[in-house]
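Q: Can we go through this structure together? I'd like to talk about its cavities and its rings.

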Amino acid sequence: MYLPPHDPHVDDPMRFKPLFRIHLMERKSATVECMYGHKGPHNGHIQIVKKDEFSTKCNQTDHHRMSGGRQEEFRTWLREEWGRTLEDIFHEHMQELILMKFIYTSQYDNCLTYRRIYLPPSSPGDLIQPGLFKGTYGSHGLEIVMLSFHGKKAKGTKITGDPNIPAGQQTVEIDLAHPLQLPDIENLRDFSELSRIVLEVQEQVRREEQEREQRQEEEEEPSQQQAASQPASPLGGEGAEGEETAAGAEGTTQVKAPASQPFVLPMGVISRNEDYPRTCRICFYGTGLIAGHGFTSPERTPGVFVLFDDDRFGFIWLELKSFSLYSRIKVSFQNAQAPSREAFDEMLKNIQSLAT
C-alpha cells in the first residue's frame with residue numbers, strides 16, 4: 001500500500017506498507033501470506049482476474065482484529081494513517097469524516113482488487129511534467145491526484161478518493177486557453193476582487209462555448225443538405241480532413257509562463273497548509289468538482305489553478321473558499337508508462353466508470 005504523508009505535509013515523502021507477499025516454493029507452486037494487521041504474516045490467497053487485474057484475499061481475518069476491539073483498532077489506524085490521536089482532532093465534522101473513512105476501509109481489509117494504472121504521457125509543450133501529486137483536501141486529509149494534459153485542457157484525476165468525491169473522478173480541470181491576470185498583492189488579499197476576476201472569465205468561457213455550439217449547428221445544416229443531394233465518397237474525402245483538423249485543434253497548447261510574481265491567499269480562504277509558496281509563475285481559470293456525501297449532487301464550480309514551480313501547484317475553490325496545495329510524488333515507477341496515448345485515455349475512462 002502506497003500512503004501519502006501525514007496531513008498537511010505534502011512535501012514529505014510517501015509511505016509504504018506491505019499488504020501481502022508471495023513465496024515461490026518450486027515450479028508452479030507458491031504460498032501467499034497476508035501482511036495486514038498487527039499479528040504477523042498469515043495465510044492468504046491471490047487470484048489473477050484478467051489482464052492487468054488481480055485480487056487478494058485474507059483467509060485468517062482474525063489476525064486483523066485487536067484485543068481492545070474496534071475502538072483500539074480505530075485509534076491505532078488513526079495514529080498510522082493520520083499521525084495523531086482522536087484527542088488532537090477538535091473539529092467535530094473532521095472527526096465524522098475520519099470515522100467514515102475508517103469504517104469504509106476496514107470493511108474491505110480482507111479482500112482487495114488491484115487494477116493497473118498508467119502514468120500520463122508527456123508532450124514537449126506541456127506546462128509542467130505530468131504525473132502524480134499529493135494534495136490537501138481539507139478535513140479529508142491528503143489525497144493522490146494524477147495531472148495529465150489534453151490539448152487546451154489539463155485534468156487532475158483522483159487516484160485516491162473520499163466520501164464526497166471517489167477515486168477516478170476528475171477533481172479539477174484547468175482551461176489553458178484562459179490564463180488569469182492576478183491583481184497586485186494588496187488587492188489579491190481581497191477575496192471579492194479575485195472572485196470578480198474569476199466570474200468574469202467564467203462568463204467569457206460560457207459565451208465562447210455558446211458561440212462554438214452555434215457555429216457547429218450552422219456548419220452541420222449545409223453539410224446535411226449536401227449529403228442528402230450528393231452520393232457519399234467511398235474514401236471519406238472532406239470528412240477525413242475534418243477529423244484531422246479536429247485532432248489538430250486538440251493539439252498541445254504552449255503557454256509562455258512569465259517571470260514569477262508575488263502570491264498570497266485572499267483573506268477568508270482556508271488552507272490546511274500555511275507553508276505554501278509566496279510566488280507563482282502563472283494562473284489559469286479552472287473548475288473543481290464538489291459533491292455531497294456519497295457523491296450526491298456533483299457540480300463543477302469555478303476556481304483558480306496556480307502554478308508555483310515544476311513540482312507544486314495549487315487550486316483555489318471559489319465556492320468553498322478553500323485552497324488545495326499539490327506536491328509532486330518523486331518516485332520512479334517501473335513499467336508504468338502507457339503503451340500509447342489511446343491506452344492512457346482508455347484507462348482514464350475505465351477508472352471513472354468504476355467510480356460511478
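Q: What volume does the largest cavity have?
A: The largest cavity has a volume of about 120 Å³. Keep in mind that this is a predicted model.

Q: How many residues line the largest cavity, and which lie nearest its centre?
A: The lining has 16 residues. Nearest the centre of the largest cavity are Leu19, Cys34, Thr56, Lys57 and Cys58.

Q: How do the lining residues of the largest cavity divide: nonpolar, polar, charged?
A: There are 10 nonpolar, four polar and two charged residues in the lining of the largest cavity.

Q: How many cavities of 30 Å³ or more does the search find?
A: Two, over the whole structure.

Q: Okay, which residues line the second largest cavity?
A: Among them are Trp82, Leu97, Ile98, Lys101, His140 and Asp162. The lining of the second largest cavity divides into four nonpolar, three polar and three charged residues.

Q: Which helix gives the most to that lining?
A: Helix H2 (residues 92–106), with three residues.

Q: And which domains does the lining of the second largest cavity draw on?
A: Domain 1 (2–115) and domain 2 (131–205 + 258–354). Each gives at least three residues to the lining of the second largest cavity.

Q: Switching to rings. How many aromatic pairs does the structure hold?
A: The structure holds 19 aromatic pairs. One of them is formed by Tyr2 and Phe333. Their ring centres are 5.8 Å apart, with 85° between the planes. The pair is edge-to-face, because planes over 60 degrees apart count that way.

Q: Where do Tyr2 and Phe333 sit in the chain?
A: Tyr2 is in strand E1 (residues 2–3). Phe333 is in the loop between strand E18 (322–328) and helix H6 (341–355). The two are 331 residues apart, so the pair links distant parts of the chain.

Q: What is the relative accessible area of Tyr2? And of Phe333?
A: Tyr2 has 24%, and Phe333 has 33%. Tyr2 is partly exposed, and Phe333 is partly exposed too.

Q: Which rings are linked into a cluster?
A: Phe133, Tyr137, Phe284, Phe305, Phe313, Phe315, Trp317 and Tyr326, through ring pairs.

Q: Last one. Which ring does the charged end of Arg278 sit over?
A: The ring of Tyr276, 3.8 Å from its centre. Lys321 lies over the face of Phe191, at 4.6 Å from the ring centre.

Notes
Residues numbered from 1 in each chain as written. Predicted model: local features only at pLDDT ≥ 70, side-chain atom pairs only at ≥ 80, totals over all residues. Heavy atoms only, no water. Phe/Tyr/Trp six-rings, centres within 6.5 Å; stacked < 30°, edge-to-face > 60°. Helix = DSSP H or I, 4+ residues; strand = E, 2+ residues; numbered from the N terminus. Buried < 20%, exposed > 50% of the residue type's maximum accessible area, 1.4 Å probe, protein only. Lys NZ or Arg CZ within 6 Å of the ring centre and 35° of its normal. 1 Å grid on protein atoms, 1.4 Å probe; cavity = no way out; pocket = protein on both sides within 12 Å on 5 of 7 lines; lining within 4 Å. Points joined across faces, edges and corners; volume = space filled by probe spheres on them. Nonpolar A, V, L, I, M, F, W, Y, C, P; charged D, E, K, R; others polar. Domains from an automatic or database assignment.
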